[in-house]
Amino acid sequence: MDSSSPPSILKILSDDILLIIGSLLKDESDRKSFRTTCKTFYRVDSLQRTHIRILRPEFISSLLFKLPRINSIDLSVCPRIDDSAVSSLLLINPNTAQIWTHRIKRLTLSRCSGLRFNGLSMLMKSCVNIESVDVSYCSGFGDLEAAALSLASGLKELILDKCLNMSDVGLAKIAVGCPKLEKLSLRWCFDITDIGVQLLSNKCALLKHLDISYLKVSSESLRWIGGMRRLEILHMVGCGSVDDNGLHYIGKGCPSLKVLDISRCERLSSSALVSVIKGHNYNLLHISASYCFSELDGSLVEQFKDLTSLKVLRIDGARVSDATLKIISQNCNLLTEIGLGKCSVTDMGIMDLVSGCRNLKTINLTCCSKLTDSSILAISHSCRDLLCLKLECCNLLSETSLHYLASHCTKLEEIDLTDCSGINDTGLKYLSNCSELVSLKLGLCTNISDKGLSYVASNCFKIRELDLYRCTKIGDDGLAALSRGCKKLRRLILSYCDKVSDRGMEYLSCLEELSDMELRSLPKISGVGLRKLAAGCRRLSELDLKNCQNVDDSGFWAMAYYSTNLQQMNFGGTGISDVGLCMVMGNLSRLQDAKLVKLDNVSVNGFELALRASCARLKKVKLLASLRPLLSSQIIHTLQINGCRVRWD
């Protein structure tokens, strides 16, 4: 190089400056692009990176040696992690393992059903500074595994959602062994009873966040929860056995309570919520009571006057009058979110609401079929910082509503217009001015076409989620526009868009960040289109091809080679054969969820071989009930002991 050449910009910028630049990249894909640009950027990224998602356990030690600040590991997409893998990882080179295990504070082990007592106990003993563990959806997790977790005495956060085999015995082990717990989630742990909750309240005095949603507990549990003096957040969605007496206990106790979610608790009346508000009116920041009451009692409405600090209110499913919305408007001026789905609200009620609640950022008006453009006009004028607006099934709205929103709510990030029959291409042209859009749902909007989609693609470059379910006028030209403009698209729904063909799939293959696609009943897609898609979209993790009858083995062979990140797949109703199914199920090493129904070209022997090739990693599989007596008892038993849930359709 000529000595007179100017120095590289990388030599001018110090590590401190590059670290600041890296810290400003909030999106994971942007951070990945940053660190793969050059060795300097990779080195700088490694100095500040604290979290890593591991796909293969054998690489953990080498990766953590290169990334010295990692303190959080996600193994949820690592299907081969089991007790033997953990043993190899920790015991083959114990000196190296000790270096990284001592700095780990968070472990995500969701869906790691192969991990049992031995593996978990080794991890808990080795990670001496562990503070957070997520073992949600681990089908084999039971009381013995709970005892292993109890070895982590410094644990502060524990997620146990849908650990169906854990009972009060396991919860007791955790409560006694982990007295520093501050956050605990027990959603769908159906064997937990009032006894377990009582012990928890006695032993875990530091709990601030508790989720008992869908447990079969009674109001007696709320009596014990009422004694938790530090509890700030209580989620109890779908607790069908809890009655008004339970809420009275919460009203008299839990002096630190700030967030309460009683959604879908069908035995509660709105008057019971009054006691909670009276006991915590100035502290409450968040109340969720969606689909809990059919109407709001007058005494409850009066209590809204005392909720001056409230920021989130969800009362979906209850009849809400204009007068009630006016009271909310006059007293709850700090509201940032309100849920009024299926509340039969009127234009006048919405106008009154937003006249006082100008800080609203999220508004849910799903199935409020009486609303017209007048409501959207009021919202757009009053709520200039609006980020999320849900308008599903609001059929009286027209393109004028989108004109109002685009003119005033330029920060809008998410809008749901599903089944809004008045939305057309002109409306999408207006909406395209909302350049911050991240999520756009247009399912069942049958009046939009490729032209409208091209408007969106021309200016909404940040879109990550797009729903075009049954938008029958959308075709390949619209997808061409998407491929040029929406490069950050990750989730795309095109089911029943029957104009889409292989040419459209070729356009979509340019979208490298696509990870989740639903392509049901697309008759013009064949193996050719799937090959193009698989070759271009290497990050695909979920793919639904149900009833794509013309997709044959040639497309699935390409998937077996290119789509190595696939975790969930619906093969139902496709043209795949024995050879194609065995190749896909055998080669896709991360596939955990497969739907294998209505596969007319696959024999019983084909199913048997495909399941044998994948039984070690499958977590969920759907099969026709008629196959049950035809498959060998050995393969069914192997699936079950490996923690796979078999659904017979």
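The following legends describe close-up views of a predicted model.

View 1. The relative accessibility of S132 is 6%, and because buried means under 20%, S132 counts as buried. Its side chain is joined to that of R106 by a polar contact of 2.6 Å. Leaving aside residues up to four places away in sequence, S132 touches K105, R106, L107, L155 and E157.

**View 2. The aromatic pair W188 and Y214.** Four aromatic pairs are found in a search of the whole structure. In one of them, the ring centres of W188 and Y214 are 5.1 Å apart and the ring planes lie at 5 degrees, so this pair is stacked. W188 belongs to the loop between strand 6 (183-185) and helix 11 (194-203), whereas Y214 belongs to the loop between strand 7 (209-211) and helix 12 (219-225); the pair therefore ties together parts that are 26 residues apart in sequence. W188 counts as partly exposed, at 22% relative accessibility. Y214 is likewise partly exposed, with a relative accessible area of 25%.

**View 3. The aromatic pair F556 and F571.** The ring centres of F556 and F571 are 5.7 Å apart, and their planes are at 35 degrees, so the pair is tilted. F556 is part of helix 25 (residues 553-562), and F571 is part of the loop between strand 21 (568-570) and helix 26 (578-587); the pair therefore ties together parts that are 15 residues apart in sequence. Both F556 and F571 are buried.

**View 4. Arginine residues R223 and R470 over aromatic rings.** R223 is positioned over the face of W224, at 5.3 Å from the ring centre. In a second example, R470 is positioned over the face of Y496, at 3.8 Å from the ring centre.

**View 5. The buried residues of helix 19.** Helix 19 spans residues 399-408, and S401, L402, L405 and A406 within it are buried. These residues cover an arc of only 130 degrees around the axis, which means that they are on the same side of helix 19. In an α-helix there are 3.6 residues a turn, so residues three or four places apart point the same way. The elements that cover the buried residues of helix 19 include helix 18 (373-382) and helix 20 (425-431), together with strand 14 (388-390) and strand 15 (414-416).

Terms used
Residues numbered from 1 in each chain as written. Predicted model: local features only at pLDDT ≥ 70, side-chain atom pairs only at ≥ 80, totals over all residues. Heavy atoms only, no water. Buried < 20%, exposed > 50% of the residue type's maximum accessible area, 1.4 Å probe, protein only. Polar contact = N/O pair within 3.5 Å; in protein donor to acceptor, adjacent residues only side chain to side chain. Contact = heavy atoms within 4.5 Å. Phe/Tyr/Trp six-rings, centres within 6.5 Å; stacked < 30°, edge-to-face > 60°. Helix = DSSP H or I, 4+ residues; strand = E, 2+ residues; numbered from the N terminus. Lys NZ or Arg CZ within 6 Å of the ring centre and 35° of its normal. Arc of directions from axis to C-beta.
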